[in-house]
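Here is a short briefing on one protein model. Keep the structure open as you read, and find each element as it comes up.

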Amino acid sequence: MAKRKAMSHKKAQDVRKEGHAAAREFAAILGLPRDYQNNPQAKKDVVDSNGDSHSVKSGAKRWQIFLYGKNRFETDNAFLSMNGIGQLIIKCINVFPKTFSQYTGNKLYYKKKLGKYMAALKEKFYEKRRVKTFWDKALFNGGEVDYLAVKYENKFHVFLNKEIVAAFGDNFEVDNSKARKKGDTESQKVLFKYKGVNVAELEIRNSSANHYREVLLVMNKDKALAFLFEKIKRTGTYKEKIVLYGKAAKKMGR
């Protein structure tokens with residue numbers, strides 16, 4: 001798989017601004033005041049009048065689900081309780097030397113070493129329940145966030161957390177990245193696929209000193225949305241610009 005260039009600082013800022021603007025727009029449609037309640041660190045971009053929370057995604061091509069350093073996996077009991085998944089992620093991080101300059105001096109050695117742990121990490125996802133547990137934590141902070149709201153074609157598409165997690169667990173195929181061309185190294189990522197197409201990728205950032213030895217989980221917006229539209233049927237609307245799917249129609253309309 002071809003390696004993407006790291007996002008520039010300005011591009012990252014623009015993406016964050018777009019996300020904040022989408023959250024403000026979503027809150028306004030819900031009729032919330034300008035100082036609406038939220039907690040972005042817990043993935044609660046908007047808390048509605050029912051007390052339910054929404055993770056709001058904008059039109060960015062890639063959704064950054066998380067970017068965590070080693071300390072997060074060492075101290076978060078949820079990751080440490082996933083039957084070895086958290087511990088293996090820590091081992092993947094520890095493959096790399098402490099400084100970026102040390103890594104660049106012998107990249108191939110460290111990449112080959114990483115491949116062994118990434119292959120072992122992929123095997124941890126052979127049980128569907130582990131895929132569900134991982135995504136429930138990654139996307140909804142362990143069920144603390146109730147909905148995913150995605151801005152698409154000038155409307156917000158809202159899905160219930162449990163239905164997304166169930167769909168991911170029941171349908172995702174988990175694989176490792178392949179060496180596609182000369183110079184590539186096998187198993188540098190864990191891939192979450194549907195019908196052979198990558199929907200999400202987990203990797204250890206090692207392309208620059210800025211985010212060295214950090215764990216990045218991203219989703220492709222178009223592929224993720226296509227998957228959700230297929231697996232969770234549209235069931236209603238709410239306040240005109242909000243489209244509801246699955247059981248979200250019943251829960252939000254209460």
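Helices α8 and α9 are roughly perpendicular to each other, because their axes cross at roughly 100° and angles of 65 to 115 degrees count as roughly perpendicular. This is a predicted model.

**The α8 and α9 contact**

- Helix α8 covers residues 161–171, and helix α9 covers residues 221–231.
- The two axes come within 11 Å.
- On the α8 side, the contact is made by I164, A167, F168 and N171.
- On the α9 side, F227, L228 and K231 take part.
- What kinds of residue make up the contact of α8 with α9? Five are nonpolar, one is polar and one is charged.

**The five-strand sheet**

- Five strands form an open sheet, in the order β3-β9-β8-β7-β6.
- The pairing in this sheet is antiparallel.
- Which strands stand at the edges? They are β3 (62–68) and β6 (173–176).
- Each edge strand has a single partner strand, so one side of each is left without a neighbour in the sheet.
- Neighbouring strands of this sheet are turned by 20° against each other on average, direction ignored.
- Helix α9 packs on this sheet and touches β3, β7, β8 and β9 (214–220).
- The direction of α9 makes about 55° with that of β9.
- Within the sheet, β7 (residues 189–194) and β8 (residues 197–205) run antiparallel.
- Six bridges join β7 to β8.
- Look for K193: this residue stands opposite N198 in β8.

**The six-strand sheet**

- Another open sheet has six strands, in the order β1-β2-β4-β5-β11-β10.
- The pairing here is mixed.
- The edge strands are β1 (46–47) and β10, and each pairs on one side only.
- Do β5 and β11 pair in the parallel or the antiparallel sense? They pair in the parallel sense, over three bridges.
- V158 stands opposite L244 in β11.
- Strands β10 (residues 234–238) and β11 (residues 242–245) pair in the antiparallel sense, over four bridges.
- Y238 stands opposite I242 in β11.
- The hairpin of β10 and β11 has three residues between the strands.
- In that hairpin, K239 takes a positive phi near 55°.

**Side chains in strands**

- In a regular strand the side chains alternate between the two faces of the sheet.

**K137, in a helix**

- K137 lies in helix α7 (residues 128–140).
- Is K137 buried or exposed? K137 is buried, because its relative accessible area is 9% and buried means under 20%.
- The side chain of K137 makes a polar contact with the side chain of D76, at 3.0 Å.
- Leaving aside neighbours within four places in sequence, K137 is in contact with K43, R72, D76, A78, F79, M82 and G142.

**E153, in a loop**

- E153 sits in the loop between β4 (147–152) and β5 (155–160).
- E153 is exposed, because its relative accessible area is 65% and exposed means over 50%.
- The side chain of E153 makes a polar contact with the side chain of Y152, at 3.4 Å.

Note on methods: Residues numbered from 1 in each chain as written. Predicted model: local features only at pLDDT ≥ 70, side-chain atom pairs only at ≥ 80, totals over all residues. Heavy atoms only, no water. Helix = DSSP H or I, 4+ residues; strand = E, 2+ residues; numbered from the N terminus. Buried < 20%, exposed > 50% of the residue type's maximum accessible area, 1.4 Å probe, protein only. Polar contact = N/O pair within 3.5 Å; in protein donor to acceptor, adjacent residues only side chain to side chain. Pairing = 2+ DSSP bridges. Axes fitted to C-alpha atoms, helices over the stretch in contact; angles between N-to-C directions. Parallel < 35°, antiparallel > 145°, perpendicular 65-115°, else oblique. Contact = heavy atoms within 4.5 Å. Nonpolar A, V, L, I, M, F, W, Y, C, P; charged D, E, K, R; others polar.
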